Amino acid sequence: EEDKEEEEEEEGEEELVMPNRTLTALNLSANLIGSAGRLALEAAQAESSALCRLSLAANPCLLEGPTACLSAPQRELIASSWKALNAEAATRVGVNTLCGVLRAVPTAAALFDEAKRFEDSEGVRDAARKAVVIIGQMVESLEYPESLVQPLEHLGMRAEAAGIPAVVPFDAFGQSLITSLENELNDKISDEAVAAWHVAYEAASAFMQKAYSPQQLATGAAARPAE
């Protein structure tokens, strides 16, 4: 009987399998995870240093808006760089951004019928203040990209109705905005943050230009300066 009990104990020991206590990768692709679920999962990943890979491919959270393609670190880089601007610096960024666009796109300059330097134009400064407010609101909404769809499409419709051509003015605005941020923040904005701004603006620009017809987009693309 003792031999039998020993054999049973040995068998029990052989069947004992230690659980995997460290989760290093989590694949939740092709589910129905929205923005709120994504944020919860990203927060959980941030709390677990071992969880180095979280895959959410083919989920609604990556398809619901213009900045859905941004990772959590990219969103944080954009938000922190924008927050580094005080009100006066943000206004300078807005003015410099618009002035850069107006110099690059003469048709846009016609919207400001003033015989002054762009920097001295009250119309430009007023538009810059409004642009800064809109950009700030969009930065605050990065976590919920679906909330950006309607505002961006509305901005695109207003631009198209005002006679602003497709493509080139939008390219100019994005480049001018990011250059103005770099000039204002200097070493306070990293190369990674600049790259994140480029990705975010390219996606936002595509949503704004949904207001344009395929012919308008083709004409605008053809007007791009040769690189």
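I count two rings of Phe, Tyr or Trp as an aromatic pair if their centres lie within 6.5 Å, taking the six-membered ring for Trp. The model I am working from is predicted.

**Entry 1: aromatic pairs**

I looked for aromatic pairs and found three in the structure. I noted W82 and W197 as one of them. I then placed the two residues. W82 is in helix α3, residues 72-83, and W197 is in helix α9. The pair therefore ties together parts that lie 115 residues apart in sequence. I checked burial as well: both W82 and W197 are buried.

I went on to F170 and Y212, which also form an aromatic pair. This one is edge-to-face, with 5.7 Å from centre to centre and 90° between the planes. It links distant parts of the chain, 42 residues apart. F170 belongs to helix α8, whereas Y212 sits in the loop between α9 and α10 (214-222). Are F170 and Y212 buried or exposed? I find F170 buried, at a relative accessible area of 6%. Y212 is buried too, at 5%.

**Entry 2: a charge over a ring**

I looked at K210 next. Its charged end sits over the ring of F207, 4.0 Å from the ring centre.

**Entry 3: helix α7**

I checked the length of α7, which covers residues 149-161. At 1.5 Å a residue, its 13 residues should span 18 Å. The end C-alpha atoms are 18 Å apart, which agrees.

Which residues of α7 are buried? I list V149, L152, G156 and A159. Seen down the axis of α7, these buried residues fall within an arc of 100°, so they line one face of the helix. The general rule for an α-helix is 3.6 residues a turn, so residues three or four places apart point the same way. On the other side of α7, I find Q150, R158 and A161 exposed.

I then asked what the buried residues of α7 pack against. The partners are α6 (122-140), α8 (168-185) and α9 (191-208). Two of these names have come up already: α8 holds F170, and α9 holds W197. Past the end of the helix, I noted G163, which follows α7 and has a positive phi near 90°.

**Entry 4: positive phi outside glycine**

I found A30 with a positive phi of about 55°, although it is not a glycine. A30 lies in the loop between β1 (25-27) and α2 (35-47). It is exposed, with a relative accessible area of 58%.

A58 also has a positive phi, of about 60°, and is not a glycine. I place A58 in the loop between β2 (53-55) and α3. At 54% relative accessibility, A58 counts as exposed.

**Entry 5: the whole chain**

I finished with the overall make-up. The protein chain has 10 helices and two strands. From the N terminus on, I read the order as α-β-α-β-α-α-α-α-α-α-α-α. Of its 227 residues, 36% count as buried. I took the accessible surface of the chain as about 13,800 Å², with 53% of it belonging to carbon and sulfur atoms.

I also looked at contacts between residues at least 6 apart in sequence. Of these, 76% join residues at least 24 apart.

Methods
Residues are numbered from 1 along each chain as its sequence is written. This is a predicted model: local features need pLDDT of at least 70, side-chain atom pairs count only at pLDDT 80 or more; totals for chains, interfaces and linings use all residues. Side-chain values use heavy atoms; hydrogens and water are left out. Helices (H or I, at least four residues) and strands (E, at least two) are DSSP runs, numbered from the N terminus. The expected span of a helix is 1.5 Å times one less than its number of residues. Buried means under 20% relative accessible area, exposed over 50%, partly exposed in between (1.4 Å probe, protein chains only). The arc is that of the directions from the helix axis to the C-beta atoms. Contact means heavy atoms within 4.5 Å. Accessible areas come from the Shrake-Rupley method with a 1.4 Å probe; for residues, only the protein chains shown count as cover. Rings of Phe, Tyr and Trp (its six-membered ring) pair if their centres lie within 6.5 Å; planes under 30 degrees apart count as stacked, over 60 as edge-to-face and the rest as tilted. A charge sits over a ring if NZ of Lys or CZ of Arg is within 6 Å of the ring centre and within 35 degrees of the ring normal.
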